[in-house]
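Student: I would like to learn how to read the strand pairing in a model. Where do we begin?

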Amino acid sequence: MACAALSLGYDCPVGQVCKDTWVYRPLSAWPDEVCDSGVDDDQDGLVDCADPDCNGRACDGGFCVAGFCQ
Ligand SMILES: [Ca+2]
Ligand SMILES: [Ca+2]
């Protein structure tokens, strides 16, 4: 089964692989990734600079570039 449900605003069903690293969620109901918090704020499985949401954003000691704080 494909991830067609994504376009309806739902997460991929558990156990299925989606190629995107992000999912649609109501903006008011979910936090953004905080790039120097050390935790996965938006719960997409990627922490801080490893999360593409943080690419180019400030982190602890610099900016997230290519998945690393530098
Ligand atoms: Ca994340
Ligand atoms: Ca974080």
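Tutor: With terms: helices (H or I, at least four residues) and strands (E, at least two) are DSSP runs, numbered from the N terminus, and two strands pair if DSSP finds at least two bridges between them. This is a predicted model, in which local features need pLDDT of at least 70, side-chain atom pairs count only at pLDDT 80 or more, and totals for chains, interfaces and linings use all residues. Residues are numbered from 1 along each chain as its sequence is written, while chains are lettered from A and ligands numbered from 1 in the order in which they are written.

Student: How many helices and strands does the protein have?

Tutor: Zero helices and three strands.

Student: What is the strand order in the sheet?

Tutor: Strands of a sheet pair through backbone hydrogen bonds, either parallel or antiparallel. Here the sheet is open, ordered β1-β2-β3, and its pairing is antiparallel. β1 (58-59) and β3 (68-69) are the edge strands, each pairing on one side only. β1 is joined to β2 (residues 62-65) by two bridges; Ala 58 has Phe 63 in β2 as its bridge partner.

Student: Is Gly 62 buried or exposed?

Tutor: A residue is buried if 20 or more other C-beta atoms, placed from the backbone, lie within 10 Å of its own, exposed if 12 or fewer, and partly exposed in between. Gly 62 counts as exposed because it has 12 C-beta neighbours inside 10 Å. Of the protein's 70 residues, 11% count as buried.

Student: Which residues does Gly 62 touch, leaving out those up to four places away in sequence?

Tutor: Contact requires C-beta atoms, placed from the backbone, within 7 Å. On that count Gly 62 touches Cys 69 and Gln 70.

Notes
Two residues are in contact if their C-beta atoms, placed from the backbone, lie within 7 Å.
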